[in-house]
Amino acid sequence: MSVAIETEARRPQRHAGARRRSASFAIPLLLAVLAATAVIALTVGAAGIPLSRLPAALGFAGTTTADAMTARDQLVLWSIRIPRIAATAMVGGLLAAAGAIMQGLFRNPLADPALVGVSSGGALAAASAIVFTDSRFGETLRFLQTELLPLAAFAGSLATTAILYGISSRSGRTSIAIFLLAGVAITAITNAGIGLLVFIADDRQLRDITFWLLGSMSGATWTKAAVLAPILVIGLAACTFIARGLDLLVLGEADAFHGGVDVERLKRISIVMVSAMTGVAVSISGVIGFVGIVVPHLLRLVIGPAHRLLLPASVLLGAILMVGADTLARTIVAPAEMPIGILTAAVGAPVFLGILLRQRGLASL
Amino acid sequence: MSTVIEARHLSKRAGRARLLDGVSLTVAAGEIVAIIGPNGAGKSTLLRLLSGDLRPSEGEVRLKQRDIGSYTPRELAARRAMLSQHINVTFPFTVEEIVLMGAGDRSPREAGALVDAALDEVGLAHFRERQLPTLSGGEQQRAHFARVLVQLACGEAEHGPGLLLLDEPTSSLDLRHQIDLVEAARRRAAGGTAVIAILHDLNLAIRFADRLVVLNGGKLAADGPRTEVVTHETIRDIFEIDAVVHQADGVPYVLPQSMRAAARSNAS
């Protein structure tokens, strides 16, 4: 024990001063990188639009030269690529922020909505909505699917998060082992439910459900972006409200209370936020794992763990990573598209293992 | 002296077990009280009831003449500060960030002087930029003590003398830092703070507090000045050990002897 602490203590430390400096640059820098990533994403794809044609296509310059090429570019950009990039960025932001909030709530850097079944809970509810609105009520409810899916996914995520918290915390303490194992069990249950839906679904429904399970941004439209935007705005506003409470929660529920935090209210707000953010993201993109783990982890290394900065920075870095991954997903095997969930898992799972290895030395799980 | 905290006939049940049974206690501003007693006597339960963290099954706790349940967590934090045992911080907060948490909504600039003073007082000024999880258990405990001191100072600046609760604050500290902590707490009491601490080291408790409260089996076994409470008989009855009690400059000093001797003298 004492040996482990000795070596940990001697590990070179980043100065808080350096941390504070990088912290003040973090938001502008992330905004700039997000803009650059978005520009690259705009130009790349099945129909390439070189940078030189981008201003015209966006309608910034030379509207007189309304030639066929510009018209085609405009169509591609405004009806396909821009809504997709916007939706992807928001999904990434929501997933990363939901991960950061969940980690704060459970005081554990390994918590992730996708890992512990919150995303699958949302996916199960969404898949149920697809199958049942189709078969039971026929056309009467199908037109509602766009509105119904996010709500169903939110309800599914809320139920799983609440169950998870109920199981893993007892008298103010959260057991990490029970939390992760309960997540495994909940994932298994929701997967069984999804399996059942796959079994009874018809071909068209099956295609829709499969899309949820692998995760993809290919169905992104302006309507879907419009569903994401208010949740992101409300979420960001709420983040400033819960940031200090999440900081103090690192001391444990009793000591956060001693420090003046209304712990019960903080937990309720956090659970609803994680569920809403995850649920709505899942209803648009399907289950995409590891964004919620990788992004906050990387940021904590650079800007520190204080949530006032960590939460908005997570939204930005999540957006950057998702837009980058989605651009890769739609170019790597062009003209086909790789499901983005495969890419995020391929990058995220090793990072997850890396955190596990680091944690092993510090605290016993 | 004005009463800071008053507990009336406190009982706490968990299932069928009685953790605490009809304990009454009043502590005035500037008073220092040590709670002693064997494991499972209800010491931590009593402290958690006094902090407002637990609600009593029976009885009531009044903090500054008001029912403790009527305060919001924030109001409560401005009137009492508590140092718990075993706080395990998982995220890489620096010592300074942890201590600043005691300052509530105040900005680092506003609370800077208080944070500096508290870090100096616990001897961690040179560790302020280190990440807390990388420090030793005793250093972490001192950092949390500094955080609690900042919270107390912020609250007292607005609401006058408050309540400082310490749950085995010296459990991971070496001898020197045990004394430092005790002296820091005594300085707060000299400034009007009511201080209540659970201590296991009898001799430290005697040096720390003018008044000792002894709990045994969830009941109040003794409550009084140290010279009255610390006797050969009380120690034998409560802790089931035989101890020699010396007096040095009017302060009792306990030297534990063999356990078997106590068991024999109890039986006879």
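Student: How many bridges join strand S3 to strand S8 in chain B?
Tutor: Four, between residues 32-36 and residues 194-198, and the two strands run parallel. Strands are DSSP runs of E with at least two residues, helices are runs of H or I with at least four, and both are numbered from the N terminus. The model is predicted, so local features need pLDDT of at least 70 and side-chain atom pairs 80 or more, while totals for chains, interfaces and linings use all residues. Residues are numbered from 1 along each chain as its sequence is written, and chains are lettered from A in the order in which they are written.

Student: What stands opposite Ala34(B)?
Tutor: Ala197(B), in S8(B).

Student: Which sheet has those strands, and in what order?
Tutor: An open sheet of six strands with mixed pairing, S6-S7-S8-S3-S9-S10 in chain B. Two strands pair if DSSP finds at least two bridges between them.

Student: Which strands stand at the edges?
Tutor: S6 and S10 (219-225) of chain B; each has a single partner strand, so one side of each lacks a neighbour in the sheet.

Student: Changing topic, how many residues of chain B are in contact with chain A?
Tutor: 30 residues of chain B, with 30 residues of chain A. Contact means that C-beta atoms, placed from the backbone, lie within 7 Å.

Student: Which element gives the most on the chain B side?
Tutor: H2(B), with three residues. Strand S6 (80-83) and helix H3 (95-100) of chain B also give two or more.

Student: And how many helices and strands are in chain B?
Tutor: Ten helices and twelve strands.

Definitions and conventions:
Two residues are in contact if their C-beta atoms, placed from the backbone, lie within 7 Å.
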